[in-house]
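Subject: Structure handover

Hello,

Here is the structure I promised you. Please open it before reading on; my notes follow below.

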Amino acid sequence: MKKMSLRTRVLTGAVAAAALGAGTFGAMSANASTPGAAPATTVKADTANRDLQQTTHLTLDAATKAAKAALDAAKKENQRVAVSVVDRNGTTILTLRGDGSGPQAYESAEKKAYTAVSWNAPTSELAKRLAQAPNLKDIPGTLFLAGGAPVQAKGAPVAGIGVAGAPSGDLDEKFAQAGVAALAK
């Protein structure tokens with residue numbers, strides 16, 4: 001087999017890249033040129049459709065109200081904490097880091113909120129379960145320390161509130177419960 005010169009190899013690579021790019025651009029252009037294309041299937045959005053399910057989620061205003069209530073409860077006791085509110089899926093709606101809270105508080109609050117909504121239980125109760133199932137702590141994104149509280153609607157979890165930064169998990173959870181209570185007002 002004949003060895004190609006550097007110039008030949010560079011030109012061959014450039015031509016191949018240009019051809020590939022032109023093909024990709026053409027495919028993208030063809031897809032973009034059909035704006036009227038409808039999805040292959042549509043789902044009728046009505047309550048009679050058994051393939052659809054309605055869920056309840058906190059609004060940003062409600063999440064903010066709960067987080068501020070938790071921060072206010074902590075401030076009354078001179079505690080510097082962070083508060084996180086997650087939705088039913090564990091996605092963070094907002095996190096407020098109180099003045100003077102430690103660097104670990106932000107992430108810990110999110111994980112406590114995620115853990116509380118995932119199991120629909122206060123994280124202090126979940127921490128007790130570790131004795132029977134120590135592998136629970138290995139689940140990514142969870143933190144089995146007191147300070148997380150679920151928010152429920154009709155007995156089902158719709159959000160979680162996590163607080164971190166106080167000197168004890170009991171205080172963190174007390175402040176998280178203040179956030180839950182604010183939603184009932």
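Two strands count as paired if DSSP finds at least two bridges between them. With that in mind, Val-151 stands opposite Ala-159 in β4. A second pair in this region is Gly-148, whose bridge partner in β4 is Gly-162. In total, six bridges join β3 to β4, and these two strands run antiparallel. Strand β4 spans residues 156–164.

First, a caution. This is a predicted model. Mean pLDDT for the chain is 84, with 75% of residues at 70 or more. Residues 24–34 stay under 50, and the model gives them zero contacts beyond four places in sequence. Where pLDDT is low, the predicted coordinates should not be read in detail.

The sheet

β3 and β4 form a hairpin. Two residues lie between them. In the turn, Lys-154 has a positive phi of about 55°.

Next, α2 (residues 60–76) and α5 (residues 169–183). These helices pack at an angle of about 140°, with their axes 7 Å apart. How do they count, given that only angles over 145 degrees pass as roughly antiparallel? α2 and α5 are therefore oblique to each other. The crossing of α2 past α5 is right-handed.

On the α2 side, the contact residues are Ala-62, Lys-65, Ala-66, Ala-69, Ala-70, Ala-73 and Ala-74. They meet Phe-175, Ala-178, Gly-179, Ala-182 and Leu-183 in α5. By class, the contact has ten nonpolar residues, one polar and one charged. Lys counts as charged and Gly as polar, so Lys-65 and Gly-179 are the two exceptions among the listed residues.

Best wishes

Key
Residues numbered from 1 in each chain as written. Predicted model: local features only at pLDDT ≥ 70, side-chain atom pairs only at ≥ 80, totals over all residues. Heavy atoms only, no water. Axes fitted to C-alpha atoms, helices over the stretch in contact; angles between N-to-C directions. Helix = DSSP H or I, 4+ residues; strand = E, 2+ residues; numbered from the N terminus. Parallel < 35°, antiparallel > 145°, perpendicular 65-115°, else oblique. Left-handed = near helix turned anticlockwise from the far one by under 90°. Contact = heavy atoms within 4.5 Å. pLDDT = per-residue confidence, 0-100.
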